[in-house]
Amino acid sequence: MNTEALAQSIQEIQAFAEHWNTLYAQQKFDEMKMLATEDVGIANVKASTLPSGLIFGQENYKKGIVEAYYGQSGIEHNLLVMEYLDWEYIPLNDLTFYTIGRYTLEPNIIGVNAWLLSRETLSSPWKIYRVINN
């Protein structure tokens, strides 16, 4: 990946993450699940029955987002923000990118999020293929 293509991909991914933040703030959870591949893998060792500790699918991805928003009480409105401007952006190839960096979850959580993003072609939109939060 040349320098120009790298810069373009990072700009696209930052716009993707900004859009993700906007959808979350607007509680558009059905739209958010479409930002992930159908077979998205989510790190969740408690819910997984697989040795990898992953659970799969857009519905599980949406469920995790909704649970973060409503919190343990089920009535909270926790704002989750991906702090994407300070993330590390690591290209694996032209169609796959790895990101890692901070997120904040109100009222008092700061964590690290990692996305493995993929796209089918250079003109296709980025989608979340794997996600890990701590």
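Tyr84 counts as buried because its relative accessibility is 12%, where buried means under 20% relative accessible area, exposed over 50% and partly exposed in between, with a 1.4 Å probe and protein chains only. The residue sits in the loop between strand S3 (80-82) and strand S4 (88-93); strands (E, at least two residues) and helices (H or I, at least four) are DSSP runs numbered from the N terminus. Not counting residues up to four places away in sequence, Tyr84 touches Gln14, Ala17, Glu18, Asn21 and Tyr89, contact being defined as heavy atoms within 4.5 Å. The C-alpha atoms of Tyr84 and Gly101 are separated by 6.9 Å, although the two residues lie 17 apart along the chain.

This is a predicted model, in which local features need pLDDT of at least 70 and side-chain atom pairs count only at pLDDT 80 or more, while totals for chains, interfaces and linings use all residues. Residues are numbered from 1 along each chain as its sequence is written, and side-chain values use heavy atoms, with hydrogens and water left out. The mean pLDDT of the protein, that is, the predictor's confidence in each residue on a scale from 0 to 100, is 95, and 100% of the residues reach 70 or more. Confidence is lowest in helix H3 (residues 58-70), at a mean of 95, and highest in helix H2 (residues 29-33), at 98.

Helix H1 (residues 3-25) has 23 residues and should span 33 Å at 1.5 Å a residue, which agrees with its end C-alpha atoms being 33 Å apart; the expected span is 1.5 Å times one less than the number of residues. After H1 comes Gln27, whose phi is positive, near 60 degrees. The buried residues of H1 include Gln14, Ala17 and Asn21, which are also among the residues that Tyr84 touches.

Leaving aside neighbours within four places in sequence, Ser9 is in contact with Met1, Phe97, Arg119 and Trp126.

Aromatic rings are a further topic. A search of the whole structure finds 10 aromatic pairs, where rings of Phe, Tyr and Trp (its six-membered ring) pair if their centres lie within 6.5 Å, and planes under 30 degrees apart count as stacked, over 60 as edge-to-face and the rest as tilted. Phe97 and Trp126 form an edge-to-face pair, 5.8 Å centre to centre with 85 degrees between the planes. This pair links distant parts of the chain, since Phe97 belongs to strand S5 (residues 96-105) and Trp126 to the loop between strand S6 (109-118) and strand S7 (127-133), 29 residues apart. Phe97 counts as buried at 0% relative accessibility, and Trp126 is buried as well, with a relative accessible area of 5%. Elsewhere, ring pairs link Phe16, Trp20, Tyr24, Phe29, Tyr69, Tyr70, Trp87, Tyr89 and Trp115 into a cluster.

Lys33, found in helix H2, counts as buried at 15% relative accessibility. Its side chain makes a polar contact of 2.2 Å with the side chain of Glu59; a polar contact is a pair of N or O atoms within 3.5 Å, and within protein one must be able to donate a hydrogen and the other to accept it, while residues adjacent in sequence count only if both atoms are side-chain atoms.
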